[in-house]
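Keep the view open beside you as you read.

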Amino acid sequence: MRRGGPFLALAAAETLSLSGTRLSTIAIPWLVLSATGSPVLTGLTAMMEMLPYVLAKALGGPLIDRVGAKRIAILCDTASVVVVGLVPLLDLFGLLTVPVLLPLVFAMGVLRGPSDAAKQAMVPDIAALADVPLERVTGVASAIERLASTVGAAGAGALIGLIGPGQALVVNAVTFAAAALVVSLGITGMPRIPELSQASPGKVSSYLDDLREGWRFLSGDAVLVSIVAMVAITNLLDQAYHAVLLPVWTRDAGHGPELLGAMFAAFTGGSIAGAAIAAGIGERLPRLIVYTVAFLLTGFPRFLVLAVDAPLGSVFATLAIAGFASGFLNPILSAVIFERIPKPLTGRVTAMNAALCFALIPFGGLVGGALISTIGLAGALFLTGLAYLAATLAPLALRSFRGFDKAVQF
């Protein structure tokens, strides 16, 4: 039990922070959309959080290796309590306008990026402490992540409908506070002093040296480069879907935030089952085949079912199937990425890899809003769905993906 304690603590912290974050990803777009009626402003607000998130995540990697992942996670989550808590406070006094909200959303992204990167960087050490395969740890972590997202999404719709999107963020602030406390008290046995850079043993490298070393390693690995390119494109399209296309479809169909939360919950609920299976048998599955099929099921059908205005039953069934398939993706990706990175470079390379995968997300909302304004909602859904399908065929076309199933020795 003691060996598994840090993993349970990390899982609990992820559950808390992700539940709150899922709530905010529904509450903030709905707040802007209901206040302004503008898909473009809704997309702009999403960009104002994700752009600093990506940059802070990439730039925080060397600090994670130097200061320690645990300290960065605690510091950023604690600061997030204050920033997120300002939203319901200003809303209570009638001072929350879009110009006031945008800098707060920007600060949320700045703090959430390093926090997420730090929690991810702890996974290899926690797997070693628990003496279990990476696929099992990443699979369980992914299942917990999906569970947290499901709970957060389901609760978000009802909570927003009950007390409004601004006040609902009180819960987000509370979850950040609880996550910081759990990480502080529950994750023990981690290395206290980061290891020296591989490139300069015996010397203390500069921050920029560490950043450059992480970039050199990442850009020199064909498998990691292919993952970054594919995931960055699909993340862009997912952000357009979640931040603008789905909320606008929900509003235009005459529904409220309760249905929006239920649809998010259907997707993430299905993904729990997929992630749980990946945790149990992931190390025995053919990675590339499962990854490719899962991505094909996860992407295009979600866009198509909305574009053709299918009945709600078909929409929920499609979302559940897509969610189930998506549950296999993160365990496979995380295992492949961690296996290819030397331990001294874990923080900077995983942070940079994740940041590059997220690099296009800030523009997803703007893309979704612009497409709706130019070709209409149905056209925007169909076009983004086709783009998603093209991206998910990459593993069948690029030779570099063949390295998915090859172990790397250091």
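Two residues are said to be in contact, or to touch, when they have heavy atoms within 4.5 Å of each other. With that in hand, look at tyrosine 291. Leaving out residues up to four places away in sequence, Tyr291 touches Met230, Val231, Leu329, Ile332, Leu333, Pro395, Phe401 and Phe404.

A word on what you are looking at: this is a predicted model, in which local features need pLDDT of at least 70 and side-chain atom pairs count only at pLDDT 80 or more, while totals for chains, interfaces and linings use all residues. Residues are numbered from 1 along each chain as its sequence is written, and side-chain values use heavy atoms, with hydrogens and water left out.

Back to Tyr291. Together with Phe404, Tyr291 touches the most other members of the largest nonpolar core, a set of 81 residues. A nonpolar core here is a set of buried Ala, Val, Leu, Ile, Met, Phe, Trp, Tyr and Cys residues joined through side-chain atoms within 4.5 Å. Buried means under 20% relative accessible area, exposed means over 50%, and partly exposed lies in between, using a 1.4 Å probe and protein chains only. Helix H9 gives the most to this core, with 15 residues. A second, separate core has 22 residues, among them Leu10, Ala117, Ala127 and Ile187. As background, nonpolar side chains tend to be buried together in soluble globular proteins.

Helices (H or I, at least four residues) and strands (E, at least two) are DSSP runs numbered from the N terminus, and H9 covers residues 222-252. Two packed helices are described by the angle between their axes and the distance between the axes. The axes are lines fitted to C-alpha atoms, for helices over the stretch in contact, and the angles run from 0 to 180 degrees between N-to-C directions.

Which residues join H9 to H14? The axes of H9 and H14 (residues 329-339) come within 10 Å and cross at roughly 145 degrees. Val223, Leu224, Ile227 and Val231 of H9 make the contact with Leu333, Val336 and Ile337 of H14. By class, this contact has 7 nonpolar, no polar and no charged residues; Ala, Val, Leu, Ile, Met, Phe, Trp, Tyr, Cys and Pro count as nonpolar, Asp, Glu, Lys and Arg as charged, and the others, Gly among them, as polar. H14 is largely enclosed by the rest of the structure, because 9 of its 11 residues are buried. The buried residues of H14 include Leu329, Pro331 and Ser334.

Now follow H9 to its contact with H10 (residues 257-281), where the axes come within 9 Å and cross at roughly 125 degrees. That makes H9 oblique to H10; angles under 35 degrees count as roughly parallel, over 145 as roughly antiparallel, 65 to 115 as roughly perpendicular and the rest as oblique. On the H9 side you will find His242, Leu246, Pro247, Trp249 and Thr250, which meet Leu259, Leu260, Met263 and Phe264 in H10. This contact has 7 nonpolar, 2 polar and no charged residues.

H1 (residues 5-36) also packs on H9, with axes that come within 11 Å and cross at roughly 55 degrees. H1 and H9 are therefore oblique to each other. Pro29, Trp30 and Leu33 in H1 meet Ala243, Pro247, Val248 and Arg251 in H9. The residues of this contact divide into 6 nonpolar, no polar and 1 charged.

Is glutamine 239 buried or exposed? Glutamine 239, in H9, counts as buried at 15% relative accessibility.

Finally, turn to aspartate 309, in the loop between H12 (300-307) and H13 (312-326). At 55% relative accessibility, aspartate 309 counts as exposed. Phi of aspartate 309 is near 55 degrees, a positive value in a residue other than glycine. For context, most residues other than glycine have a negative phi.
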